[in-house]
Structure formats: structure tokens, C-alpha cells
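The tour starts inside one chain and then moves out to its neighbours.

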6 protein chains.
Amino acid sequence: MVEATEPQYNEYAIEEFLVRSEPYYRPVGDEMELFTAAYEQHIPVLLKGPTGCGKTRFVEYMAWKLGRPLTVAKDSTAQPLNEGEVRVPLVTIACHEDLTASDLVGRYLLDANGTRWIDGPMTRAVKTGAILYLDEVVEARKDTTVLIHPLTDHRRILPIEKTGSIVEADDRFLLCISYNPHYQSALKDLKHSTRQRFISVEFDYPPADVEAEIVQNESGCTSDQAEALAKLGEKVRNLREHGLQEGASTRLLIYAGRLMSQGIKPRRACQVAIVWTLTDEAELQRSVEEVVTSIFE
Amino acid sequence: MVEATEPQYNEYAIEEFLVRSEPYYRPVGDEMELFTAAYEQHIPVLLKGPTGCGKTRFVEYMAWKLGRPLTVAKDSTAQPLNEGEVRVPLVTIACHEDLTASDLVGRYLLDANGTRWIDGPMTRAVKTGAILYLDEVVEARKDTTVLIHPLTDHRRILPIEKTGSIVEADDRFLLCISYNPHYQSALKDLKHSTRQRFISVEFDYPPADVEAEIVQNESGCTSDQAEALAKLGEKVRNLREHGLQEGASTRLLIYAGRLMSQGIKPRRACQVAIVWTLTDEAELQRSVEEVVTSIFE
Amino acid sequence: MVEATEPQYNEYAIEEFLVRSEPYYRPVGDEMELFTAAYEQHIPVLLKGPTGCGKTRFVEYMAWKLGRPLTVAKDSTAQPLNEGEVRVPLVTIACHEDLTASDLVGRYLLDANGTRWIDGPMTRAVKTGAILYLDEVVEARKDTTVLIHPLTDHRRILPIEKTGSIVEADDRFLLCISYNPHYQSALKDLKHSTRQRFISVEFDYPPADVEAEIVQNESGCTSDQAEALAKLGEKVRNLREHGLQEGASTRLLIYAGRLMSQGIKPRRACQVAIVWTLTDEAELQRSVEEVVTSIFE
Amino acid sequence: MVEATEPQYNEYAIEEFLVRSEPYYRPVGDEMELFTAAYEQHIPVLLKGPTGCGKTRFVEYMAWKLGRPLTVAKDSTAQPLNEGEVRVPLVTIACHEDLTASDLVGRYLLDANGTRWIDGPMTRAVKTGAILYLDEVVEARKDTTVLIHPLTDHRRILPIEKTGSIVEADDRFLLCISYNPHYQSALKDLKHSTRQRFISVEFDYPPADVEAEIVQNESGCTSDQAEALAKLGEKVRNLREHGLQEGASTRLLIYAGRLMSQGIKPRRACQVAIVWTLTDEAELQRSVEEVVTSIFE
Amino acid sequence: MVEATEPQYNEYAIEEFLVRSEPYYRPVGDEMELFTAAYEQHIPVLLKGPTGCGKTRFVEYMAWKLGRPLTVAKDSTAQPLNEGEVRVPLVTIACHEDLTASDLVGRYLLDANGTRWIDGPMTRAVKTGAILYLDEVVEARKDTTVLIHPLTDHRRILPIEKTGSIVEADDRFLLCISYNPHYQSALKDLKHSTRQRFISVEFDYPPADVEAEIVQNESGCTSDQAEALAKLGEKVRNLREHGLQEGASTRLLIYAGRLMSQGIKPRRACQVAIVWTLTDEAELQRSVEEVVTSIFE
Amino acid sequence: MVEATEPQYNEYAIEEFLVRSEPYYRPVGDEMELFTAAYEQHIPVLLKGPTGCGKTRFVEYMAWKLGRPLTVAKDSTAQPLNEGEVRVPLVTIACHEDLTASDLVGRYLLDANGTRWIDGPMTRAVKTGAILYLDEVVEARKDTTVLIHPLTDHRRILPIEKTGSIVEADDRFLLCISYNPHYQSALKDLKHSTRQRFISVEFDYPPADVEAEIVQNESGCTSDQAEALAKLGEKVRNLREHGLQEGASTRLLIYAGRLMSQGIKPRRACQVAIVWTLTDEAELQRSVEEVVTSIFE
């Protein structure tokens, strides 16, 4: 066997995931004010928007931001531990149809002394006062969707049927969910009895100048390349009306920029990061490739 | 790791959930008399009505109310422990298709000394003499629906097959279920062999003046704002005939009021709390937005 | 926490469920003779009829009746323990598609000393010589339906595959099943290989005079009210030809009577107990309400 | 609690089920010779025929018969233990879609000393040299159907994957399966890779004179009643061409005879044992009832 | 209880199943050379052909044959232990849709000292260097099909996810699968990513003279009877163009021969072994019966 | 029992699978540069292309290659342990619809001292810094697809809900997935929220001269045979437009070459390795056979 280098991974509890440094986030409108008001008022938040438009980044930013001394409400219970220290944990759960209530709430494990209860990530978030972020909530099963009902009305409780107990949420707890309304799986839909427990904030891709700034910042490419990529993103998104299922996310533009900064030719970088990623159909690939060629001559 | 503040959540047994202070509830008709009569007569109650029209709040109110000395029947067994003390526990279960009979009735857990039986919330409610409230009962699986049959006839028993025993309900026990008949999932329906075990009380949204009172009371907005929001609720519900799946619940009006009281502009507050929450379709959003504009100029 | 009153529930073994006092039952034809003959001859019995027409009550009555000294057959093994004492246990199982063979026959539980076998309710009934009543048998899964085959032929045995053993039924054991042939779920049907193991007794709602007697006896309303309710039941059942899925069961008439005896106005009592319970459709509700008005002017 | 009489049931191992007294069986053709030849030659047997035509009874009879000294083959290994003693165990399994391979082959159970393997009924039959009778084999799941493949070719082995072992069948082992080809669930069908491992014997209802003999013998009714019932059986089976799904099995005729011997009037006995059992449709019931009336005037 | 004779079954480990005596196999073409070349080259083999045409027998024959000193390749690692001793174990698995990866690869069992890993039959075959024969592989579930991928490329490994380990196959290991392409369940099909990991050898029923030899050899009937049965087989297979789903396998011809050698009349033997086994439809039965009559006058 | 030779298999941990010798791989374009750039930049890679075109081989080659001192980036953390030693482990997982999140992430096992957590292959790869290769990712279940989301954005974490912990990936970790876009199961598709986390490299079969080199190298056949086989591959792939579902993979050409080198006649080798493997339909087989005949006259 080969002698392995020291393992370089860290392992820690889910509820200890903190956003430690300010994420790069450029607000587009009043989304920060809305989120802060909702947080102060204990109103759950639903974020709507297409793949990769920045919803997850926004939640991370707010988790970081809310850790700072708040100026909105004087008597908020959400005070930082120490001046300038980040303090709101962020528990993110990617929803899917095989995620069970037990995965979220907790389960019994067998121990030397019999069974022991292990809190799931949702229970941990509720107890710690985290922001609980359920990504792509429409993909969740009914039993997990229903779990959030008593957490989202005036009770703010999580009943744990398996232990026969009820947990009242920490005062700093907030539930936030995301959802892509333009998705093909329009069959699945949020039931109104769930939906009407949230206020809703709609997101879209950032304007070209903001996106160029983001791409340059995150990929290390030149500002010319970043601007060209932002322009490319905008044009490709318009192809959605010509059969393309989804436009290129900001992430793909960043990937292209990073390949360029690694020495790959711009058109080749765009081909593998954008053209071939967006679609398998030859004709649509040609359309996207034409846009690439028109920008990176 | 960041040093955490003392956890601020409470945890207690499901059957110890008591409604401790009088919930704000404005009766519309004789629903209190009907519920009290049913409670005295051990007749299970079915509440019908749209999302967010106040069914859950009504059950909470009755749980609080029935804890007080009853005046309806002198020889009722439902006497309060101490003068003026709340005393009817409320066990609420949100039904869904992944909720098993074991989740409700109980299960065996492995212990240092072998298996130990843990009562589920339904068994706890039956033993304690709670009001057991099954929310959205049509979403439940067959096995859970059938569980309630022997509880809802003259036997008032809960057979627990896994332990081979039968539990007779405490005299104060009452089963209450809710159901939204205008729901799209009209395929699912309560079987008559289940349905004909209940009396049924139909609910609708409260009249505008009552709703304004509720909104102001719960959101802290001004009375003008509350009245405008109640008017908005009424008008938006009329849009249901123009393609809107569900009207705005009282809860959404309260959310809007709370955002306003937090300093968000009324039209923006209505947009995120009502317009974007009610629908994803651009055209329907425009219709709702027009109603908002007509009220909050 | 509030100090709880002493719990008032009883808990006992499933096979110890005895009908201790004579249930109110008015025979309509020779159903008692047929059932007694079948019991003496070890012939399983299938009861057919609509929801709430009295099938379950009839089985309870026979369980009580057969506990008395039998006059039909001198050498019957079914002798009472003591003069006048009730003695045939009744094990009732509401069938549904999630009920497993293990739920019925038994399962292994883990103990301090390893696994321990726990008899299920069917095994308990077979061993004790109970009447085993499978309610709505067409709702059962195949594996549970097939379980009853060796119990219903000359072998009268219950093979328990999990323990590798066979149990011969006590001589007093009888299997009885019920079934609503007019049900919408006509897709599900009893297979002939199951069905032809039973004699079949068809039931219908009782005639109006008998039903009035039952309603008065069980609700405590006045005899005038009881007669009016019986007439109402008859008329509403005729509406089945006009789109009503099921008529009002005797139980619903009793509910209305009990609300009246609690001081609720007759028309209101009928509305919540009958009109709103029978259907969600406005037009059908109006039809039923007209019948109510014509009787309770 | 009522003091219970001593339980009167017996419990014994599945592979100890022996047919102890000669079952009443009237051969119709050469089916006994065929079965005996197949038994001597280790050829698996498939019995085809309608519900209740005597397939199960025939297998029981052969299990009893083969226990006697065989005259067909001198060097058969199937010698009786003692002169005249019954000796071929019969293991019957009613197949259904929820029967797992583990139910048949065996499973591990947890013990004070860890897991212990428990043979299932199929393994018990294979080891003991029983006749293994799989009733209604088309209802079985794929995994159980496939289990019988290595048992039905020259290998005569049962691989037990969970223990990693192979069991060779005792020399006296025979597999026998039954199947109703006229069943509605014609969708399910025996795959040829399974089917072509058996010889097939077709059964039908016995001729009227034989059936009358059987009915009288088993019900205790008069010979006139028995002959009338046999005639009734014949006529009702002809109604199958007029919409009746299945004819009356011999068992139902016996039920009617037993009710008569218990004092129930013949026409009433036929109504509950035959008419109401065969169908729920009013018109078909009238047709059958006419046949009854024409015979029992 | 009856005193049982000493049990006559053997039980041994799955990987110890050896074909100990030369199976009767008459090669039709160069199938032996192909299989031997594939075995030498570690190329997995797919056998295609109808039910009962001899695929399983061929694999058994090759398992026996390859145990002898090989003449094909001098430096083969597949040397016999002792001169003339059989040595290649054969692990056969009948595939079906309820067979899990755990059934094949292995599972953890609970022991007095905690869990213990038990190798499944596939792992046993891989470690021992057996021929692993997956019968009717298209019936397998996806997870079991995918298991064979790393075993069938240059890696020849079996990853065992549950133990976190990888097993490299013994040098003598070969995977062989079978498949009936003319089957009705044509919906199920081998994916190309699986299929293109095998060479494929097509089989059909043997020519009449060879089949007659096989039938006589295995049934003990006369050579005239064997020839007539082979002719019958040929003619019946031609009926497939007239609606018969499958022709008679060689096995069924042998069954008929064995019944004849037991004294059953030829036409009756053919009826139960062939006519009634091949089809339930009266008309098709008549067609087959005519063929029988034309041969056994 | 036969005395077995010493077992010749090796068994080792999944994360210790290293590609120890340089795999034969002929680059077609700049795929090596792209993969290396992505590896340096922590960008996940999606490989698209038909069955058997070399995707898996390419990943193995890169795993071997990246173990050598890198020249692309000076400050790469991916340094070899010792000069010239292979060092990037490759964890390959064949995806399918029965693969659970537990299979990938890990599970609790019961031990003498209670439960013990066992890392699954994905967790092992994340901790060790392996290349994790998910083959045919579209076949995976939703819960396994979603697992890779937090691994493929800036967080590079694997949340393990069952232990309530988060693992940060080793710096050398890379996720690589493959996917065949021309597959019939076009219904299944990668969701954009997954897809847009990768750059995509498209693969096709190698050009004829390269493929001939590969075939000769891996089969040991003559160079004439190898060239003929490469030509055959090219022509057969063109038949895809005439109804052939997939063309012959390079692997099948190698199989044919190896059979030839074993002495099988070329046309016969092509028949079993290619014609019969590619299709079961007689007509298509004839078309492929004609191509074979035209090349191997």
C-alpha cells in the first residue's frame, strides 16, 4: 500500500456551519431590507428564481450579515456574542424525494446501553436558532413538507413524534426555502397550505455589469474576459425562447473564466463550460456556439 | 468553534401542549355551541373550509375554552383542575401520505433491557383525554384513517395490534379532523365509512370587519392599514373565479401588516406577502397587483 | 406543567374484549338463526350491506347472544363459564391496504434474552376461540386475505410461517367478514377462491319504525324527533338515485338526535350531522336541505 | 376479567402436518396413477382447474395414499415407517404477491447468542421429504417462483443464499402446484421457463352422482337434498355462459346441505350459501334464484 | 408424532457445488471451442436461446470439462488438482426482480460479538474462481446488473460498498449469463453498456436425432418412443407460428418418456407432459393433440 | 469435498484502488489539458459519450497521470509522495436506481459496543482526496444526485445527516461523472441544477488508425486483423442510422481480436463477439454479418 499523506479534511457538527468571511454579494434591490424585516418578525421566507441566479449566495450573505450588530430593531434578541463576530449558523438541506422525516428530525441509534436519540439537522437548526435553508423544496416528500407547518405559524414548534416530544424553536431561528418556478417539473407544486406560510422574494440573474464584477472576482480572469462572459451570459439566456431549457448560470461563466485563467483558449473554455454543459442537442449547441464566436472572435 | 449562547428552546411531552392564554378568536356563528355540544356528547367533529380561514385557530380556542368551567352541562366530567386553569391538552397531527400507523400509535424501541414500548401521539391523546386534531385528514394513508374507526363509535377504543392490547379513551377525549373540500386533489376523498362518523361544520373566511380587527391585532399595523388589507383580502378572493387557485389567507394579510409595521412600504409589503406568494404566473400576478394598487395608491 | 388528573382509560388484551351488556339490536329477519346455525356448523359468515346499516352491531349482538346457554345444539362445546355470563370474545379488525400479515399473525420482538414471539390479534382470536370480525375485508392486502384460507376449510388451521408452526383453531372460533358491495371501489373485489369459503347474509337499512326506535333509544331525543329523523333517513337514501354517493347511516340520525337533546335546533342539528357530512357539493347539499326543511318545518 | 376455559388449540411444526385419516375422495379418471408415476419419477406436478373442484382434496388424498405401502415400484424409497401408518407430510402454502422468499426459505432471528437461522416451510418440506403444495402459484412473486427452479430439475437442490448453502432434497420430496386457468387475472401467467418444469393434470367439477355422494357425506343432509344440490351445482355452473364469473364450488353445496341439516329451509339455505355468495348483482342473483326455485319448489 | 426416518438431505456451501460426473451433452457446433477460448481469455459469455434448449446443461458440461487437464492452452492457470478430478465450481443464480445486491454480494449478520459479514454467492464465486452463471439475467434488477460491470472489464474486481472493500477475482473466475431473446417480456432488455461486455453464443433446440438420443438416455423409454418424441418435439415447435407461445422443451419430451417407462400410455403421457403443459387454450390444445395422435396412433 | 487450491484473490479498501501502471491511452485532442486545468481549479468534470468509447479509460489514465509531478501549476498541492510513484486513488461507482445515499455516504453497523459508523465510498473518496468517478450518473436516484451538490460548489463539503456532521473535502479531491446522451432512456435527464455544476467534455469513438493500435495492443492479434477490426467498427457504427441501437464498442473489437489470437476463425470470432452481441433481430444481424463478410472474406 502507498503511504498516505495526512488527511486534510475537517469534520464538524452540522449546526456549527458558520459563514466566516463576508461572501461577495451585490444587492440588486431591497432584498436585504425585506429579509431583515422578516427575520425580525419571525416570518418565513421563500426565495423564487432560476438555477444559479444567486439565491443560495444571498442566504449565506444574510447569515453572515445578521451575525453583525443589527441596526434595524433595537430590542432584537439577535445580538452578536462578541463585537464583530459571525454568529448565525446556516443549516442547508438539498431537498429530494428520498429524504425522509427521520433524516431531518432525527432517529434512534442502537448503543451499548440501548437506543440513543440523535437529532437530525432540522432539529439541530431549531434548537440552535440557525437559519434553516431548504433548497428546492418542491422536490421534497409530503412528510418533510408537512414537518415545517408547525414551525411556520405562531406556535414555532417542532413535534418529534418518535420521542413523543415538542421542541420550541430558539428565538433566532428562521426558516427559508427556495424554489425554481420555471422548472419543467411543474407538476410538482407547493400546496397552498404550505405556500401561504411564507413571504416570497423573486430573484433573477444579475444585470450584466454586476455579473461581470462577480465573474472577475471569482475566476481571476481579466476584466475584458469577465465583461465578455457577462455579455455572453445575457445573450445565451435570451436563447431560452429558442428552445434552450435553461440559460447559463453565473457559476458556468465563472468556470469559463477560471479555465481561461488556467491558460485554456476562450472559445474552447466556453465550449466545455457552457455550450456542452447547457445542452446535448447538436442544433442548440450550434446556436450557443455562434453566440460564443460572435463575442470571442 | 464559536461559543454558543445558552440554548433557548423548550422541550416537553406532546400531550402536555396546552393553550395557555386565550387565543384571539371572533366567532362568526354558533360554531362554539355546536362544538361544545359535540364535546359533551362525545361526537367527533369534522371542520371543512379553505386554507387559512381559521379552522386551526378555532380548535385552539375551543381547547382553551373547554378548560374553563363549562356551563352547558352540569354533570360534565370535563371539570377544570383548579378554578380558571387551562386544562384540555391539544394534540395536533398534520396528516400526509408518509405518516404510518406506528408514527401515530407507537412503536417498540430497543433498550438495555430489550424492547420498550413508546406511545405515539394518538395513544397519548387517547390516554390523556386530549382533543386530537388531525389536520388535512384526506392526505393520510388508509392505515391511519382506519385507526380512528373504533375511536369514533360507541366503543371509543384504540386497539394497539403491536402490543396486543386495547386502550379505552379517557372520558374527556375528543377527535377533531379538518379537510379542505375545494382542494385540487379532489381525487383523494374521505370514504363514507369514515366520514359518517363525524358531524361537520363548514368554515369560510371571516367578514371584512372581523378580519380587519384580526389583522390589526396580530400584526401591529395601523387600523387604516388593517382595513385596507381586509378589503384587499376580500377582493383577491374574488379573483379565484379568474384563475387564481386560492385566495389570500388571513395569515398573508397579517404578514403584510407586519412588514408594514417594520417599515416596508405597503405596496412592496403586499407584493412579497401576497402577490408573489399566491402565484408564479405573470398575468395572474398583474391582476393581483392591480387590486393592490387600487387600494394602496 | 399542569398537574394531571388520574388517567381514566382502561387497557386490556385484545382477546379479552367482551360485549358485556346486551347491545340494542332489533332483528329484521332470520339473521340470528342463520348466524347461529353457521356458528354451530363452523361455517364462516360474510355480511354484505351499506355503510352504517348495522352489520357491526349485529356481530356484537351475536357475540353477546352466543355467550348465553345455546338452545340450538345440545352437544355444542360453546357452554358458558357461569350461568348468564358473557363469554364469546370479539376480535374486530378494520382492514386496509397497509395491514400486513405480521400485524395479524404476530411478530418477533427483541428482548433482553433475544427475540420473543408476540401473537397478533388473529392468532389470539384463533387460540381463544373468539369471533374474528374482519371489517371491510376487500380493503385488505392479498397476503392478509390468503391468511384466512386454511382457517375457513375443514382444516381450521393457521400456519405461522415465521415460527414454522401450525395452530389449530379452538372449537368455538368463528370467522366473520363484512363487505359493502355498492362501494365505488368496485375494482377491488373478493376473489372467488376467498368468497366461496363463506355463506353470505345481505343487510340493508332497518325499516323506518325500527330505525326510529333505535334513534330514540341511542340519542335521548323525543319520540317525535326520532320518528322525524327516521323519515328523514328514508327520504335521503332515496336521493342516492339523484347523485348522492351514500345515504345517511343510522349513526348520523343518532348524532342529529343527540345534538337536539343537547339543545341545538333540529334544522341546524340536521345540517351539521347530515347535510354537510353527506356531501361537499352545494347543489346536493341544497337537495338534502330541502328534505330536512320539509320534515322539520 | 372472565376466567377462560383451558385453550383447546393444538400447535405443532409445519412439517409435522400429516393427513391422518383417509380423506373422502372419489377418483374421476386415472389421476391417481399419474400422480403416483410422477412421484416415483420425481416429476413435479401442476394441477389445473376451477375454484373448489377438488384439487386440494386430491393432494391430501395422495399424501395419505402414498404413506401406505406402494405397489407401483418395488424399489421405491418411499416405504412406510410401520405397516399401515401414514407417513408423507404435506406442506401447503397459499401463494400471494406479498409472500417473500424469506417467508419460504427461512430467516435469521436474533437470539441471546446472536443470530439463529430458522428454516422456512419450503426448506422444512425439502429436508423432511414432504409433498410441498403451492396453492394458486400464479399469485406468487417472481422471487418465490424462481426459488422452485433448481428444485424442479435434475439437481433437486434448494440454494439458500442467506446462509450461503445448498440443501439437496430428501428422496421422498415432491413439488406440486395448482393454478386456475380460467381466472380473470389472466394477465398474470406462469412463465414457460417455470411451467415446462411440470407435468399438468386438468381437473373439473365431479359428475353429478359423485358430487351428490360427496355433499351427503360431508354435510349430513338427506340423500334427496344432496342429489338436488348436485343438480343445482350443475345448472348454476352452466350460468357461467350468462355472465356468472364462477360456478358454485362443491364446498358451497356442502354449506347449503349443512344449513339444511341444521334446520334452515332449503331455499333460504341455498340463498345464503349460494345465491348471495356467487354474485352481488341483482339480476344475476335472480337468475341463480330461479334455478334454486326450479329445484327446491 | 410419527417417528421420522433419518433425514436424507445433504447441505453444503454454495461454492462447493461441483459437477461430479460427466453430464450427458452432445455438442451441436463449435460451442465448446468458443467457450474454452473465452475461458482462457477471461471473456465473459452470454448464452442466448429458448427455454429448455440446453443452455444450463451446456454450462454444467463446460464446468465439468474445464476441470479436466486442458489441451487448448499450455500455460493456462486452470490446472486440475489431481489427475482426472473435477475442479471448477459452478455457482448458478436464477435472476428475478426481487433479488437484491445484498443477496448476491453479502450482508452483515448480528452475532454475539456484534455484526459479522457473510459473503453472498457472487462474492463466493469471485473468491473461489468459480463459473458464475446468472440465469435469465434480463429479469434482474438494475442494481444487480450493474454489479457485474467491474467484474467484466480489465479490472475483474467486485467492489463491496457495505464493507468498503474491493475483491479481485481469482484467476479461474468466469462470468456467464443466459437470456431468452424471443421472450414476451421484450420490454425488458439488456442495456448495451452491459451487453457489450460479453461475447454471445446463440443456441437452439438440438436436431431430431440428437434429441432422440438425449430423451432415451434420460427417460429410460424405448428407442422407438424416443424417436417418436423427438419427432413430436420438432412438429410442436413448428406450431409456434400458429399461436403457440413456446415449443416443447427437451425436458418435457423426457417427462413424457419417463411416464411411458412407468407404464402410462404414450398418448396420455404426451397429454399431461406436453399438451396440457404447453397451453390452457382449448383450441391450441386440440392442435397439439392432433400432432400427438398423428405420431402415437 | 475437493481440496481447494489456495485462494488467489486480493482484497483491499476501496480508497486504496490506485492505477499502478500507465494505462494505454491515446489522446485525441486537448482532453488532458482540460482535465488537468479543471483538477487544478477544483472544477467538477462531466464526460459525455457513447458506450465503450473510452471515458472510463481516460479517467484511469488521468488518475495515473496526475500522480506524477505536475508541470501545469507550481504550487499545486497534488505532489507525489515519492518520485515516480502513483498517488491519486480512483473511486469508481456505477450508478443505478437502487443505489441509496447510505450506500454512498455510510451507515451505522451494530458492534459488540453498540453502533459503529462505517464510511461509504463517497465519504472515503472525499476524505482521501481521490478522484470520485460516478459512472452513468443519470441512472442514479434523486437522493444520490443531490448528495453531490454541496461537493460541487465553493463549499466542497459533504454533509452526513445520519451522524449530524459535515466533512470538508481534501484539497486533492475531484468529482467526475459520465453520461451517455444518445441513450434511449432519454426520459431520465440530468437536472440543470445538477448539470450546471460541471464543465463538460464530449467523447466519441477513436479514429480508425488509433483504434487499430488499441485493438492490436490489447488483444494480441495481428496488425492486419487489428486494422480490419477497426474498419469493421467504423462501418458497423454507421449502421446505427439503419436501425442498430448502438455501434460496436472498442471492447467488442478487442474481444474479437482475442478470440482470433486464440485460434477462432475471424468470421466466427466476429459473429460471436459482434454480430450476436449487438442485436437479437435476424435482419439486423444479417446486415452486420454482411459488413463482416465484406472485410473478412
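Domain bounds here come from an automatic or database domain assignment. For chain A, that assignment gives domain 1 (14-202) and domain 2 (208-295). A word on the basis: this is a predicted model, in which local features need pLDDT of at least 70 and side-chain atom pairs count only at pLDDT 80 or more, while totals for chains, interfaces and linings use all residues. Residues are numbered from 1 along each chain as its sequence is written, chains are lettered from A and ligands numbered from 1 in the order in which they are written, and side-chain values use heavy atoms, with hydrogens and water left out.

**Inside chain A**

A:Arg57 forms a salt bridge with A:Glu218, with 2.5 Å between the closest N and O atoms.

**Chain A and its two partners**

Here are the values for the interfaces with chain F and chain B. Polar contacts are pairs of N or O atoms within 3.5 Å; within protein, one must be able to donate a hydrogen and the other to accept it, and residues adjacent in sequence count only if both atoms are side-chain atoms.

| Interface | Buried area | Salt bridges | Residue pairs in polar contact (both at pLDDT 80 or more) |
|---|---|---|---|
| Chain F and chain A | about 5,300 Å² | 6 salt bridges | 26 residue pairs |
| Chain B and chain A | about 5,300 Å² | 6 salt bridges | 27 residue pairs |

**The chain F side**

Here 60 residues of chain F are in contact with 61 residues of chain A. Within chain F, F:Glu161, F:His192 and F:Gln196 lose the most area to chain A, together 14% of what that side buries. One of the salt bridges links A:Glu139 to F:Lys191, with the closest N and O atoms 3.4 Å apart.

Strands also meet across this boundary. Helices (H or I, at least four residues) and strands (E, at least two) are DSSP runs, numbered from the N terminus, and two strands pair if DSSP finds at least two bridges between them. Strand E1 (residues 11-13) of chain A pairs with E8(F) in the antiparallel sense over 3 bridges. In this pairing, A:Tyr12 stands opposite F:Ile166.

**The chain B side**

What does chain A meet in chain B? Chain B has 61 residues in contact with 61 residues of chain A. The side chains of B:Glu11 and A:Lys127 meet in a salt bridge (3.6 Å, N to O). A:Ser165 stands opposite B:Ala13 in E1(B).

How values were computed. Contact means heavy atoms within 4.5 Å. Buried area is the accessible area (1.4 Å probe) that two parts lose on being put together, summed over both. A salt bridge is a side-chain nitrogen of Lys or Arg within 4 Å of a carboxyl oxygen of Asp or Glu.
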